[in-house]
Amino acid sequence: MLTERKNKIMDILSKQKTISNEDLSKELFCSISTLRRDLIELERAGQVSRYHGGVTIVDATNSEYNYLSREKSNTKEKSYLTSLAVPFINEGDSLFLDSSSTVLELCKYLEPFNHLIVVTNGVKTALTLSTIDNLSIYIAGGEIKNNSSSAIGELASNFLSNFRADILFLSCRGLDQDGVYEASLSQALIKQKMIKNAKKVVLCVDSSKMDSPHFFNLTSYQDIDVILTNEKPSKHLLAAFSENNCEVYY
């Protein structure tokens, strides 16, 4: 998990993009030596890039894959594992769908249903669903994250607070035996809001993301009810899922 100070560093850099070490230490009320240790850790995690006397945030496309690239990767695996989601959906359900390219694959399986209510922060997800009759679709407003087709930030989070969903379908950047991870803090915060406001949480994740921890801790398995994937997970992952009463389908 990020320390509070590292969270503040990333928040400042998300707005200013680059800042001198001196100015950053003043904003954080900490010494240059303390700040340097945090920046070294953030740089090792691929979140920032240090230069002489200052630091800049790593471009989002480096730490979080470009949406078009993600959409075209592992398409067969995504299609298969999202097909496993269909039995969990009932007529008249309310759904949270995150903005991931994996959950986008789920949209094509929703056409046979009637009277579903869908809430999403995914721009492309909402556009795809808008071609299907008998769906009520709500899309979160807010900042549109570059190259991600995602609405993020406080406005999007506040919008999601107005809803309680029967099921959340979400993906992630990676997972290991300790939990589930995201590539960016902004995405993690939106998904955490959805998790909090959903009765059932279904994680859709292809095998390439297994045993692949990342910098931002999204959630623990205590908050996940079902995991859908395309291959049998490793023994230690299955043990972690079982310890937290997560159902696994593949």
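In this predicted model, Asp93 sits in the loop that runs between α6 (75–83) and β4 (94–97). Asp93 is buried but has no salt bridge. Lys199, the nearest side chain of opposite charge, is 7.8 Å away, and a salt bridge would need the side-chain nitrogen within 4 Å of a carboxyl oxygen. A polar atom of the Asp93 side chain does lie 2.8 Å from the backbone nitrogen of Asn90. Leaving aside neighbours within four places in sequence, the contacts of Asp93 are Phe88, His115, Leu116, Ile117, Asp166 and Ile167.

Phe88, one of these contacts, leads on to the aromatic pairs, of which there are four. The ring centres of Phe88 and Tyr249 are 5.5 Å apart and the planes stand at 75 degrees, so this pair is edge-to-face. Because Phe88 belongs to the loop between α6 and β4 while Tyr249 belongs to strand β15 (residues 247–249), the pair ties together parts that are 161 residues apart in sequence. Phe88 counts as buried, at 18% relative accessibility, whereas Tyr249 is partly exposed, at 36%.

Another pair is formed by Tyr138 and Phe163, with ring centres 5.4 Å apart and planes at 50 degrees, so it is tilted. Tyr138 lies in strand β6 (residues 135–139) and Phe163 in the loop between α9 (153–160) and β9 (165–170), so this pair links parts that are 25 residues apart in sequence. Tyr138 is partly exposed, with 37% relative accessibility, and Phe163 is buried, with a relative accessible area of 18%. Together with Phe159, Tyr138 and Phe163 form one aromatic cluster.

Conventions: Residues are numbered from 1 along each chain as its sequence is written. This is a predicted model: local features need pLDDT of at least 70, side-chain atom pairs count only at pLDDT 80 or more; totals for chains, interfaces and linings use all residues. Side-chain values use heavy atoms; hydrogens and water are left out. Helices (H or I, at least four residues) and strands (E, at least two) are DSSP runs, numbered from the N terminus. Buried means under 20% relative accessible area, exposed over 50%, partly exposed in between (1.4 Å probe, protein chains only). Lys and Arg count as positive and Asp and Glu as negative; His and the chain ends are not counted. A polar contact is a pair of N or O atoms within 3.5 Å; within protein, one must be able to donate a hydrogen and the other to accept it, and residues adjacent in sequence count only if both atoms are side-chain atoms. Contact means heavy atoms within 4.5 Å. Rings of Phe, Tyr and Trp (its six-membered ring) pair if their centres lie within 6.5 Å; planes under 30 degrees apart count as stacked, over 60 as edge-to-face and the rest as tilted.
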